[in-house]
Amino acid sequence: MEAASIVLFGATGDLAMRKLYPALFNLYMDGKIPSTFSVIGLGRREWTDEYFQSHIAKALNAFSRRKPDETLVREFVQAFRYCALDVNNSEDYTRLKELVVQREQQLGLAGNRLFYLSVGPEFFATIAEQLIQSGLGETAGWKRLVIEKPFGRDLASARELNEKLSHFFSEEEVYRIDHYLGKPMVQNLEVLEYSNPVIHALWSNRYIANVQITAAETVGVEERAGYYDKTGAIRDMFQNHMLQLLMMTTMHLPNPSTPEEVRRKKKSVLESLRPLQPEDIAAHVIRGQYQEGVIAGQAVQGYLDEPGIEPYSQNDTFIAAKLWIDNHFWKGIPIYIRTGKRMQEKSTRIVVQFKDPMESYNDPRHTTAEPNLLVIEINPNEGISLQLNTKDADHPGQFVPVRANSMTHAADMPEAYENLIFDALRGDATFFAHWDEVELSWAWVQPILEAFEANALPLYTYKSGSNGPEAAHELLGSDKWWLDK
Ligand code: BG6
């Protein structure tokens, strides 16, 4: 990998502390970033380099997945410098440029620059423009812009933002982070499908009855009321993470495939997604809001009692939807997606339910059989299991399910941000969201946003610690959500 400078906006923020510094450190421990590198942290506060470095050391102690070794931490933080910056002040960018160039010369770096925007989306366009106008974008090496979600809050605002950014950075230079795409098991999905003939052969509507994608969380709104009450589960999770999981699960890749091919196939999944007509939304989408309840033995308050939430907020903390992909592979079988806060357990998983051939042969024994299920656990632990039927030794003529399992624990796996920063530094955009995907995702959810805005759908409530509103179970008709506890 070529050595690079990382210019980090939002260096004093929460994401940097919890995720970005630990990710860089773990990459450093694994020798995945060059031993000579430069990070320039930017923020509004007036910090010294020493204070910044001690802040990073603290962040590593608190949040690194592997225990940091003190000597290594001391060595690691030497690469970091701090520069106070007001994002609107062009003189500050001139100072920043001097510092970037100075560090490049000191360290003998070739001028590769990764601009990482860990700030609110309202600053993206201004920063991109200032970077270019200050001359920071003119460099002998490459330049890349990494941005975090949310990318817009509806189709129109996302288009407007993209239009602005495109004046300063080309699509190839923009790396839009969706941290779900950095999760090791999500990155593994394409491999699972094409490297296993057993799965490859079955991966279509011929053998699959339905696909269920769940991202359940036990946390509530936390300290993010200001953001979340205007965002809801539909914008916070569904438009991005959930639709990315859908694309990654249902695309069919040639072997071997290229990053362009992955993005092309993902795009084609969204193009085949059946658009929702306003009159169909209520039959396909369920929204919910949590009430008080108990999670892991702890009483928790309802959404409307959370600090900072509008007293009569109609915001969705839960979404379930039934989708149809009208292409050759998936036509006719439903894809169920749901995500919610304050649910019974933290679990992100994909369950693929296979068809039951005995049912179509009218074999009476099928009533004692469970369907074959392929379960892909993404978070908190990772695992794959396959549920099969075996003969029930105690009850002749009946079956019992067995599950073949593999499981890895979270601490032993790289975190999403490690994978993503590593890829951005080496210029592999496979697991970043292309503008086409972002635009098509917003286009698909736009009628839902409008229906929510117009209050055209019921807002169901659900108890904290449950599996969501009853209506989300009814949405599945004669199917059921698997593996709910
Ligand atoms: C973030 C959302 O993108 O993803 C949060 O803004 C959510 O609301 C988080 O809690 C969930 O991520 P993970 O990796 O814990 O499933």
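This is a predicted model: local features need pLDDT of at least 70, side-chain atom pairs count only at pLDDT 80 or more; totals for chains, interfaces and linings use all residues.
Reader: Why is K267 called partly exposed?

Author: Its relative accessibility is 27%. That value falls between the two cut-offs, so the middle class applies.

Reader: What makes K267 and E271 a salt bridge?

Author: The term requires a side-chain nitrogen of Lys or Arg within 4 Å of a carboxyl oxygen of Asp or Glu. K267 and E271 come to 4.0 Å, N to O. The pair therefore meets the limit.

Reader: Why are K267 and E271 separated by about one helical turn?

Author: They are four residues apart in helix α11 (residues 259–272). Helices are DSSP runs of H or I with at least four residues, strands are runs of E with at least two, and both are numbered from the N terminus.

Reader: Which class does each partner of the R224–D236 salt bridge fall into, buried or partly exposed?

Author: First the pair: R224 and D236 meet at 3.9 Å, N to O. It links distant parts of the chain, 12 residues apart. R224 sits in the loop between β7 (208–216) and α9 (225–228), and D236 in helix α10 (residues 232–250). R224 has a relative accessible area of 33%, so R224 is partly exposed. D236 has 4%, so D236 is buried.

Reader: What is the N to O distance between D428 and R426?

Author: The closest N and O atoms are 3.7 Å apart, and the pair is a salt bridge. R426 is partly exposed at 43%. Elsewhere, salt bridges with shared partners join R338, E345, R349, D484 and K485 into one network. The structure holds 28 salt bridges.

Reader: What makes E160 partly exposed?

Author: A relative accessibility of 48% puts E160 in that class. E160 belongs to helix α6 (residues 155–165). Its C-alpha atom is 10.0 Å from that of A125, 35 residues away along the chain.

Reader: Why is β11 called mostly covered?

Author: Strand β11 spans residues 334–340, and seven of its seven residues are buried. P334, Y336, R338 and G340 point one way; I335, I337 and T339 point the other. In a regular strand the side chains alternate between the two faces of the sheet.

Reader: How do you know that β11 pairs with β7 and with β10?

Author: Pairing needs at least two bridges found by DSSP between the strands. β7 and β11 have six, in the parallel sense. β10 (residues 318–324) and β11 have seven, running antiparallel.

Reader: Which strands pair with β14?

Author: β13 (residues 373–379) pairs with β14 (residues 382–391) in the antiparallel sense over five bridges. E377 stands opposite G383 there.

Reader: What lines the largest cavity?

Author: The largest cavity has a volume of about 190 Å³. It is lined by 17 residues, with F151, D178, N240, A433 and V438 nearest its centre. α10 and α15 (435–453) are the elements that give two or more residues to this lining. Eight lining residues are nonpolar, four polar and five charged. Nonpolar covers Ala, Val, Leu, Ile, Met, Phe, Trp, Tyr, Cys and Pro; charged covers Asp, Glu, Lys and Arg; the others, Gly among them, are polar.

Reader: How far apart are the C-alpha centres of domain 1 and domain 2?

Author: They lie 35 Å apart. Domain 1 covers 5–148, and domain 2 covers 181–416 + 433–474. These bounds come from an automatic or database domain assignment.

Methods: Residues are numbered from 1 along each chain as its sequence is written. Side-chain values use heavy atoms; hydrogens and water are left out. Buried means under 20% relative accessible area, exposed over 50%, partly exposed in between (1.4 Å probe, protein chains only). On a 1 Å grid over the protein atoms alone, a cavity is a set of points where a 1.4 Å probe fits but cannot get out, and a pocket is an open set with protein on both sides within 12 Å along at least five of seven lines; lining residues have an atom within 4 Å of a point. Grid points are joined across faces, edges and corners, and a volume is the space filled by probe spheres set on the points.
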